[in-house]
Amino acid sequence: MFGVIDLLAAVIVVITACYLCGKLIIATRNKQILVVDEHTPFTVTERDDKSITLRTSLHFHNDGTSCATLLDCFARPQMPYEQYDGCAVSAKLEREGVPREDGYFESYIIEHKEAVNMIVYVTLTARKGLTLEEALSHMVSFPVEVIYEESGRTPCEYKKVRVEVTREDIGRAAGIEMAED
Amino acid sequence: MAELERIPVPTRILTDKDDIVDSIGRYTDGKVGPDDLVCCAESVVAITQGRYVHPEDLHITKVAQFCCRFIPDYGSLATPHGMQSLMDVEGKWRVAISLFLGAVGKVFGVKGLFYKWGGKEAAMIDDVTGTMPPFDKCIVYGPAEPYEVVKKIKERTGAFGAMIADVNDLKRSRVVGVTDGVDGQRAANLLLDNPFGNASQKTPICIIKNYRQWQSGKD
């Protein structure tokens, strides 16, 4: 019949199985959940005769139970000349508090239940001999795509969010009357 | 007795186009004496040997995705690409079985079995964000043949000894390769406050002046 050693072995096996099952359940539930909130209103950071730079902030927060890694993050304006060629548009993104002149995005870990702000700068430069005011007054609304490479407990993948730069944003920030086209 | 002094040596970013022995020889020229110890950060040695991989270049298996979930959140193997990079060099099933046995070992109070049986790279891999730009987007393996490399560094610099160390800002310092005659762990303890710096700092070399006298005084 069963002896003390058998009983002991059975207890050890049950404890080990319970421990491993517990680890398995916890492990399969762990995941990063990166959420990007609505951006803040645009404000002017620089302005000269030919160009104006607007700034907005995007709040990235990790609502998951494990770390999220941002391997890359950059901003890309979608403003083709077919739509409007009076302004050249460029964009730059940096992590708040970590300005970089080279535009490089250094990989960053967002711990669970923590957040980081990404600052997007959008520069509009007048073209075709127009003054800044003339160029901006005919400007159309356009999106800036913020593209980021995310990882954590899941394989790396690129995701994107769109930040809409509206005519109204531009007019209000630049302090000009928008033309009726 | 001559005083022990640590001199971090700044360099430009070293890449796989550089030879680590030549680079150390060039940057430490005229600074190293016969009583000194030349130390180098392990990730930089690995990078100059081309021992890094971009996560996008890995084929991530389901086994790696599953196994990485059992590594604590801050570990370099806690991501599918970190785990896959280990499986690619040490074998998928060796790593998976070691992980399972490591978990069983923990039930009985035996820790570290995974790192013992999972292959030497299990403890050496640095996941993304673990190294300075532009390698912050890469997974960096441990250096190859570290004991051969330190021998060459010693010959090239004329130092008392050379050491490759894995040091981080968490006050951990580990010897990866060291020349004969140097008490590795004692020397590594001198680097606990990480004079190499992490992230964007570019000081992968550190000279410990008058190390020989210091070590003999401690014996």
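How many bridges join strand β8 (residues 142–151) of chain A to β9(A), and in which direction do the two strands run?

**View 1. Strands β8 and β9 of chain A in the predicted model.** In this predicted model, 9 bridges join β8 of chain A, which covers residues 142–151, to β9(A), and the two strands run antiparallel. Within this part of the chain, A:Ile147 stands opposite A:Lys160, a residue of β9(A).

**View 2. The open sheet of chain A.** Four strands of chain A form an open sheet in the order β6-β4-β8-β9, and their pairing is antiparallel. Because β6 (108–110) and β9 (157–165) of chain A each have a single partner strand, they stand at the edges, and one side of each is left without a neighbour in the sheet. From one strand to the next, the twist averages 35 degrees.

**View 3. The largest nonpolar core.** This core holds 102 residues, and those that touch the most other members are A:Val120, A:Val146, B:Leu37, B:Val38, B:Cys40, B:Met163 and B:Ala165. Strand β7 of chain A (residues 115–126) gives the most to this core, with 6 residues.

**View 4. The surroundings of B:Ala165.** When residues up to four places away in sequence are not counted, B:Ala165 touches several residues, among them B:Cys39, B:Ala41, B:Ser173, B:Val175, B:Ala188 and B:Leu191.

**View 5. Confidence in chain B and in the complex.** The mean pLDDT of chain B is 90, and 95% of its residues reach 70 or more. Within chain B, confidence is highest in strand β3 (residues 52–53), at 97, and lowest in helix α9 (residues 211–218), at a mean of 85. For the complex, the predictor gives an ipTM of 0.83 and a pTM of 0.86.

How values were computed:
Residues numbered from 1 in each chain as written. Chains lettered and ligands numbered in written order. Predicted model: local features only at pLDDT ≥ 70, side-chain atom pairs only at ≥ 80, totals over all residues. pLDDT = per-residue confidence, 0-100. Pairing = 2+ DSSP bridges. Axes fitted to C-alpha atoms, helices over the stretch in contact; angles between N-to-C directions. Core = buried A, V, L, I, M, F, W, Y, C linked by C-beta atoms within 7 Å. Buried ≥ 20, exposed ≤ 12 C-beta atoms within 10 Å, placed from the backbone. Contact = placed C-beta atoms within 7 Å.
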